[in-house]
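Have your viewer ready and follow along from one selection to the next. Each stop tells you what to pick and what you will find there.

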Amino acid sequence: MTTLTPQSEVAFPDFVAQSWDDMLSACTRCGKCVEVCPVVPFAPGMAQANPVQVVTGVLDFMRDSTPLPDASATWIRQCNGCGDCIPACPEGVNPRKMLMMSCSKVAEVHNPTPHVFRKMARAIRIMVSMQLVPENVARLLRPPQARDVDVVFYTGCNPIRTPHVLFNVMTVLDHLDIEYEVMGGPSACCGIVYSKWEGDLKKGGRVSEQTLHRFGEFKPQKVLSWCPSCQIHLGETIKGYREVSFDLDHITQFLLEHEDDLVARFNTPVNKRVVVHTHHGLPEVGQAVLRLLRSIPGLTIVEEAEEPGYMCGASGSDRSPELKAHVRKDTIALCQRDDVDALVSLFHGCHLQLSKEGQTHGFQVINFTELLVAALGEQPCPDTVEPFRQLNDWRAMVLEAGPMLKANGINMDPEELAAVLPEVFTSAEFRGGLCSFAPQ
C-alpha cells in the first residue's frame, strides 16, 4: 500500500531541497550504488570510473552547483530506473530517487528538450485522434465531473498513444463490477515532465498538486495508475509532498488483489504459447502479470523476457541504449522460436517499441490486457496503432486517418502532418525533436 504523507504547506522547490538535504546528510559516498548499476559497463566512459568519485560528483553538483564530471553526468543521463541501487545502499538512501531529482537540476541548467510538455500534449492529441471516434477521445482526454467512486483509473499522458490497452483495462474493471472513473491526459499530468524533463520545479509541483487534489475530489479508496513513470514519480520520487486520503497503486496490483474474482470469470481458452516481456525496475508489475496470465485457460508461458529499466521508452531503457540493445537481441531471438506464437508486452511504451520490432523481425506482439479480456469471453479492443504502421507510408497514413482527424478537430496541412508523423509516432519530443510543435 502506497500513501502520500503530509507536507501540506511546503512549496515544491522547498520539498525537493529538503529531500536533497536528507540525502546529502545520509549518503556516505561509498559508491555501492554505482558498483551494482547495470548501466555502468555499457555507458561510454564509465567502465573505468571510480564509483566514489561518480557519486561525489553528483552530490557536489546538487549541493554547490559544482560542474558535473563527465562520468557523473553520464550516470545521471543513462539511469534507466532499474532500481538495483536501492537495496545496495547501506544507509537507506534511494539512489533512483536521487538520480531522478538530479535530472531536474540538469534540465534547469541546460535543457536539451525544451517545451517538451507542450510538444508531448500536441503529439498525443494527434495520435489518439487518428485512432478513435470523438466520444472515445473525450473519455481519455476530457476531465470528468467529480463523483464518488471506489477507484480512479489514472491513465497518465503517454499511454493514450496506445488507447486499446486502456480500454481493455476498463473492460476488465467493468467485469469486476468496480465503480470507477477515468482520469489522464495532459490535463491530469503527474508533473514529471515539467520537473524532470524541463527543470521547472514550481510548475511541476503545481501540476502534481492539482492532479492529486483532483483525485481527491472523487473520494476514491484507490487511485490505480497505468503509467510506470507516474507511479514512480508520485509514489516514490515525490512521496510525502502532499497529504491524500487514497492509496496510490499500480493497476496490476489491484487486479492481483481481485485475483480470485477475476480468475473465476475466465471462461474462454486462449490457446497461445507466449513469451512475456517484463522489466527489472518494477518487478512486482511483471510478477503480477505473469501470475494472472498463468491462470488463463489454454495459455502457455514459454519464457519470461526481462529487460532493463522500469519500462521501454525515453524515461526507461532508452536512456542506456547500449545495455538495451545487448538485452533486446535475446528478446527477439526468443520470439523467433518455432514454439512461440507471440510476445506479450507490458506497458504502453513497451508495446509501441516491441510491435515495431515484431513488424521488422516477423513475430506477433499483443498486450497482456488483450489476453485478460479474451479470457473473459470478450473481444479485446483492437490495436489501432499497428494498422497505420503496416501502411509503411506516412502520406498514406494521413490519407487513411483524414476522416477521423477531421471529426476530432485536427486540421493540419496533410504534407505538414506527413512530415511530422515519424516524430509523433516515436515520441521524439523526449529527444529534443518535434521542434515544429514548439512556440515560435
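Start by selecting F15: with a relative accessibility of 7%, F15 is buried (buried means under 20% relative accessible area, exposed over 50% and partly exposed in between, with a 1.4 Å probe and protein chains only). This is a predicted model, where local features need pLDDT of at least 70, side-chain atom pairs count only at pLDDT 80 or more, and totals for chains, interfaces and linings use all residues. Residues are numbered from 1 along each chain as its sequence is written, and side-chain values use heavy atoms, leaving out hydrogens and water.

Rings of Phe, Tyr and Trp (its six-membered ring) pair if their centres lie within 6.5 Å; planes under 30 degrees apart are stacked, over 60 edge-to-face, and the rest tilted. By this rule there are ten aromatic pairs.

Now bring in F12. Its ring and that of Y241 make an edge-to-face pair, 4.9 Å centre to centre with 75 degrees between the planes. Both F12 and Y241 are buried. The rings of F15 and Y241 have centres 5.5 Å apart and planes at 55 degrees, so this pair is tilted. Show F12, F15 and Y241 together: ring pairs link them into a cluster.

Keep Y241 in view and select R242, which lies over the face of Y241, 4.1 Å from the ring centre (a charge sits over a ring if NZ of Lys or CZ of Arg is within 6 Å of the ring centre and within 35 degrees of the ring normal). For another such arrangement, go to R122, over the face of F437 at 4.4 Å from the ring centre.
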